[in-house]
Amino acid sequence: MSHLDVSLYESKHSFVWKYAADLIELLSPKEGEGILDLGCGTGHLTHQIAASGATVVGIDSDPAMIAEARKNYPKLRFEVGDGENFRFTEPFDAVYSNAAIHWMTEPGRVVACIWRSLKPGGRLVAEFGGKGNVQAIIAAIYSAIETLLCAPNQEHHPWYFPSVGEYSALLEDHGFRVTYAALFDRLTPLESGEEGLHHWIEMFGSDFLIEVPAEKRSDVIRLVENRLRPDLYREGTWFADYKRIRVVAVKE
């Protein structure tokens, strides 16, 4: 997973965690439960889960995110941990994950770690980018790079966006019973007004621009904005064409 700019994440992209309120309702944490927040970012959702009385551990692969989470919520436990290779001595009642699993590009390893970290009967409750997520934005970036540099750049896609069937089958192959799975559209307003899409690309899509010369990146983003404006810009706000998978599964 790419390391994200923590200050930008906190100031310009709070929608990432603010949209997860009803996912916590789906988790329905109980007092005394042990819960792992996988890909906890700066800890805001970990804190909300802990308010239920559950004992929560947040892990994230980015040390800067964990440092900010510890600063935000010093009484909670946060650890740097690789979502594709983590282990805890004591198993959890639940694993919760919001907007993180799509950054983990070896999903079989992730699911194996989740399985290992749960008690028998423990549950996974997760939401992340699904098949077709930000498809319009990705296509516009590819097109802009090809137009300006006369060469396609499709080798730095940083995400894993499975279909419901693909991810459900993966969970079942590892011994989970999937009790709920859905893929849904969620057109998501971006913060920062006119600069919203520019900030989003810089924050989450920088891998697409790795081979773009620094002096050309603003031109690429400007062309992306021009191509997407008719569909994704409304009354001073940019929107991202999100498609999300939401899943609940139980360790048999």
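**Two helix pairs in a predicted model**

Student: At what angle do H7 and H10 pack, and how far apart are their axes?

Tutor: In this predicted model, helix H7 (residues 135-149) packs against helix H10 (residues 214-232) at an angle of about 135°, and their axes are 9 Å apart.

Student: Why give an angle and a distance?

Tutor: Because the angle between the axes and the distance between the axes are what describe two packed helices.

Student: OK, what does the angle make H7 relative to H10?

Tutor: It makes H7 oblique to H10. Angles over 145 degrees would count as roughly antiparallel.

Student: Which hand is the crossing of H7 and H10?

Tutor: H7 passes H10 in a right-handed crossing.

Student: Which residues of H7 and H10 make the contact?

Tutor: From H7, they include Ala 136, Ile 137, Ala 140 and Ile 141. On the H10 side, Lys 216, Asp 219, Val 220 and Arg 227 are among them.

Student: How many of the contact residues are nonpolar, polar and charged?

Tutor: The contact of H7 with H10 has 13 nonpolar, 2 polar and 3 charged residues.

Student: Switching to H6 and H8. What are the angle and the axis distance there?

Tutor: H6 (residues 107-117) and H8 (residues 164-173) pack at about 45°, with axes 10 Å apart. H6 and H8 are therefore oblique to each other, and H6 passes H8 in a right-handed crossing.

Student: Which residues meet between H6 and H8?

Tutor: Pro 107, Gly 108 and Val 111 of H6 meet Tyr 167, Leu 170 and Leu 171 of H8.

Note on methods:
Residues numbered from 1 in each chain as written. Predicted model: local features only at pLDDT ≥ 70, side-chain atom pairs only at ≥ 80, totals over all residues. Heavy atoms only, no water. Axes fitted to C-alpha atoms, helices over the stretch in contact; angles between N-to-C directions. Helix = DSSP H or I, 4+ residues; strand = E, 2+ residues; numbered from the N terminus. Parallel < 35°, antiparallel > 145°, perpendicular 65-115°, else oblique. Left-handed = near helix turned anticlockwise from the far one by under 90°. Contact = heavy atoms within 4.5 Å. Nonpolar A, V, L, I, M, F, W, Y, C, P; charged D, E, K, R; others polar.
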